Amino acid sequence: MAQIGLRYAVYAPLTENEAAGTYTYGTGKVVAKAIRVEMNLNIADAPLYADDDIAERVREFVDGDINFTPDDLDDTTKAEWLGSELEDETVDTTNVKVLKSNTEDLPGYYGFGFIVQKVKNNARKYRAVLFTKVQFAEPNETAETKGQNINWQTPAITGKIMRRIDGNWKEEITVDSLATAKAWLAQKLNLPPVVVLKSLIVGALELTPAFSQDILDYTAETDNDSDIIVAVPLDPEATVTIDLNDDTPVTNGQAATWAEGENTLEITVTKGTTSRVYTVTVTKTE
């Protein structure tokens, strides 16, 4: 498969209980927009020679380095990753946050994941990768003056990839849906749930553009008096509510009755405190 993109860099703090041999992740967050991820792994290679040949060979993960370049790494994330302090100070009458790095700072451990977009046989695939235990370090930076041409300066941050207490150092899936890849990482790292529709049917009407979990606005035309609406959430525990023209509820699986001209159909999918609204503008003609 050819890799054509990178997105959805996420992380969550990792806590390990050595006595019990267990681990937990805290609340996850999206880091920033991802530009580049580079990984270099250290693999122990131990061949056993017998009868002048290799009789056995063991190749085992030791650790690795990950180099992550975001569009911007804010001071709150830096302080969290590097164990630094973010303190309030006043300059004249302006309150500012000061990121203070100290020789006693102790960077914590985090689960870190991202999604790689791929194409094979003219079909898109989404590879979600989770490094189970990463410890980040203060990044090296280079700054230069602005010349005649603009050069984007996006400092990278380097982390050390390690084994989690259960021995796992990486987990990954490859799926057809970006929403599924996001939902898997969200589940692993305790991010707010990804609430999307798996499918949306408005009678036999053709939606423009064609339905996609990540597209929220559609149009359609009909000369029917009504059409049955069927909205199926990706997460079976999510709920779906449907409203027509802001004031008429429509039961999922039942028909919506159209007025002449434009009708606004809003389909809201919700789980917990997270929701997403899909809108279909249906134009009824005579």
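**View 1. Buried residues and ends of helix H2 in the predicted model.** Leu178, Ala179, Ala181, Trp184, Leu185 and Ala186 are the buried residues of H2. The helix spans residues 178-188. At its start, the backbone nitrogen of Ala179 has a side-chain oxygen of Ser177 within 3.1 Å. Just after H2, Asn190 adopts a positive phi of about 60°.

**View 2. The largest pocket and its lining.** The space in this pocket amounts to about 270 Å³. Helix H2 makes the greatest contribution to the lining, with five residues. Among the lining residues are Thr180, Ala183, Trp184, Ala186 and Gln187; of these, Trp184 and Ala186 are also listed among the buried residues of H2.

**View 3. An open three-stranded sheet with antiparallel pairing.** The strand order is E12-E14-E17. Strands E12 (197-202) and E17 (255-257) lie at the edges, and each has a single partner strand, so one side of each is left without a neighbour in the sheet. Neighbouring strands of this sheet are turned against each other by 25° on average, direction ignored.

**View 4. Pairing of strands E14 and E17.** Strand E14 covers residues 226-233 and runs antiparallel to E17, to which three bridges join it. Within this pairing, Ser226 of E14 stands opposite Thr257 in E17.

Terms used: Residues are numbered from 1 along each chain as its sequence is written. This is a predicted model: local features need pLDDT of at least 70, side-chain atom pairs count only at pLDDT 80 or more; totals for chains, interfaces and linings use all residues. Side-chain values use heavy atoms; hydrogens and water are left out. Two strands pair if DSSP finds at least two bridges between them. Helices (H or I, at least four residues) and strands (E, at least two) are DSSP runs, numbered from the N terminus. Axes are lines fitted to C-alpha atoms, for helices over the stretch in contact, and angles run from 0 to 180 degrees between N-to-C directions. On a 1 Å grid over the protein atoms alone, a cavity is a set of points where a 1.4 Å probe fits but cannot get out, and a pocket is an open set with protein on both sides within 12 Å along at least five of seven lines; lining residues have an atom within 4 Å of a point. Grid points are joined across faces, edges and corners, and a volume is the space filled by probe spheres set on the points. Buried means under 20% relative accessible area, exposed over 50%, partly exposed in between (1.4 Å probe, protein chains only). A polar contact is a pair of N or O atoms within 3.5 Å; within protein, one must be able to donate a hydrogen and the other to accept it, and residues adjacent in sequence count only if both atoms are side-chain atoms.
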